Amino acid sequence: MNTYVNDKVIPFHTPGHKMGKGMHQALADLVPQKTLALDLALMTELDDLHEPHGPIKAAQDLAADLYGADHSFFVVNGTTGGIYAMILTIAGPGDKIIVPRNSHRSIIGGIILSGAIPVFMQPEVDNELGLAMGVTPEAVSQALAEHPDAKGVLIINPTYYGVATDLKKIVDIVHGHGIPVVVDEAHGPHLKFSDRLPVQALDAGADIVAQSTHKIIGALTQCSLVHCREGRIRVPRLKAMLQLVQSTSPNYILLASLDVARMQMATQGRELIERAVDLANQARQEINKIPGLYCFGEEKLGNPGVYSMDWTKVTVTVKGLGLKGAEAERILRHKYKVQVELSDVYNILFLITLGDTEREVEALVAALRDMAATHHGTRDFSAINSIYAAGKHPASPEQVISPRDALFGNTCMVPFRDAAGMTCAEIVTFYPPGIPLLCPGEKISQEIIDYCHVLQQAGLHISGPEDYLLKTIKVVD
């Protein structure tokens, strides 16, 4: 890229801003001209992401060598694109794929695109935290016994909150059935570089893995990697599916950032990630000294679905202050200039990465300490707590048609109270714990309608449906 710029080539090709010379000043003031000059089109010397033979292939091969894959592929439209490609690689219309019930919307999107039929496994739930944990090996084994015709099993590991299941045991179970293990490892591109973190999916024997290289380590936003092993994965099909879901005009600055992030981890990875783990553990220890706050850790290990943990994910439970997570997020952002990664009803999540130092961690702890001393809500969580303590969850709904058919079929809105027996055409999720009660293509039962009304009355947050008040719901007409 630099050679092309230094040669002072006169460009008569895309992009239209011509190496920044035609860029409006409003953007040119924000982005250095040298960066704009590197925003180049596909050309021989820069290689082709979809048919790489030069520098992109060399960079992907180095990534495969670093992570222990047979093949690694650069993805520049987010891990969502990588997950789409992985699902499309192993499943087509009518094929079954076993997935956790709390799957990210990208997994549901990949299932919709493929036309596959999801077989949902229930993850374990920690009622104290209001969080879905991992799926157990036993849940995987049961799903396979009930659906021996499944084309593969997809596992989320670790979860957004850093909880990892016994992935090696799950891989052995699934491989015993002769099918591949697909892992959404969006939050695990750093696991390889510390023995104190959960085992990375490839080292546990997974067949195909997607990692968000931008989430935890040093690539730019949208940058991800897909790694695979030969054998249970048809590599030519994977390449074809990656071509299907990625732009034919990838941004070379993003591609370069992927290669530089790989280089950084290859040369400094252990040092940087070990430091991040130390900082996160330091933060966890100090936060747990603050009255009203709780930061879960080793005491959760061994609980169902909690085999190991990514310590760089620092989850702070704020319900002891009488605050919802969203309220704590707003206070931290506007009073203390601290931005969380996410918030839910009970918790706020912080990511400690290779970009943090003791200064940032000390500022975080100081902000939390002051917030706990000066901000107290009157939130009563007893209604929510009693619902989950009772453990009376409705039976999983019946999958009547594929999510794809539900989404693209004729649909209409009906009163939710009258929807029993109809086929849902959207997702309905309550937080906590973030596990969908209804997904596209599933039959709505009266039991689920009644349960949703109970959760609404308890004040839980609804996500997914067009009508966020859930007075109406979209169904297949």
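Ala, Val, Leu, Ile, Met, Phe, Trp, Tyr, Cys and Pro count as nonpolar here, Asp, Glu, Lys and Arg as charged, and the others, Gly among them, as polar. Keep that in mind for the linings.

Some ground rules. This is a predicted model, where local features need pLDDT of at least 70 and side-chain atom pairs count only at pLDDT 80 or more, while totals for chains, interfaces and linings use all residues. Residues are numbered from 1 along each chain as its sequence is written, and side-chain values use heavy atoms, with hydrogens and water left out.

Pockets, then. A pocket is an open set of points on a 1 Å grid over the protein atoms alone, with protein on both sides within 12 Å along at least five of seven lines, and lining residues have an atom within 4 Å of a point. Points are joined across faces, edges and corners, and a volume is the space filled by probe spheres set on them.

The largest pocket has a volume of about 1200 Å³. Its lining holds 42 residues, and N102, H104, R105, Y160 and Y431 are the closest to the centre. Which element supplies the largest share of that lining? α5, with four residues. Others that give at least two residues include α6 (105-114) and β17 (428-431). Helices here are DSSP runs (H or I, at least four residues), strands likewise (E, at least two), numbered from the N terminus. By class, the lining splits into 17 nonpolar, 20 polar and five charged.

Next, the second largest pocket, at about 420 Å³. It has 19 lining residues, with V119, F120, M121, E146 and S396 the closest to its centre. β3 (117-121) and α7 (137-146) each supply at least two of the lining residues. The classes: seven nonpolar, six polar, six charged.

Now cavities. A cavity is a set of grid points where a 1.4 Å probe fits but cannot get out. The structure holds two of 30 Å³ or more. P100, N102, P123, M133, G134, V135, I155, I156 and T159 line it. That lining has six nonpolar, three polar and no charged residues.

Last, a helix pair. α4 (55-67) and α10 (252-287) pack at about 35°, axes 10 Å apart. Axes are lines fitted to C-alpha atoms over the stretch in contact, and angles run from 0 to 180 degrees between N-to-C directions. Contact means heavy atoms within 4.5 Å. α4 brings I56, A59, L62, A63 and L66, and α10 brings Y252, L255, D259, R262, M265 and A266. The tally is nine nonpolar, no polar and two charged.
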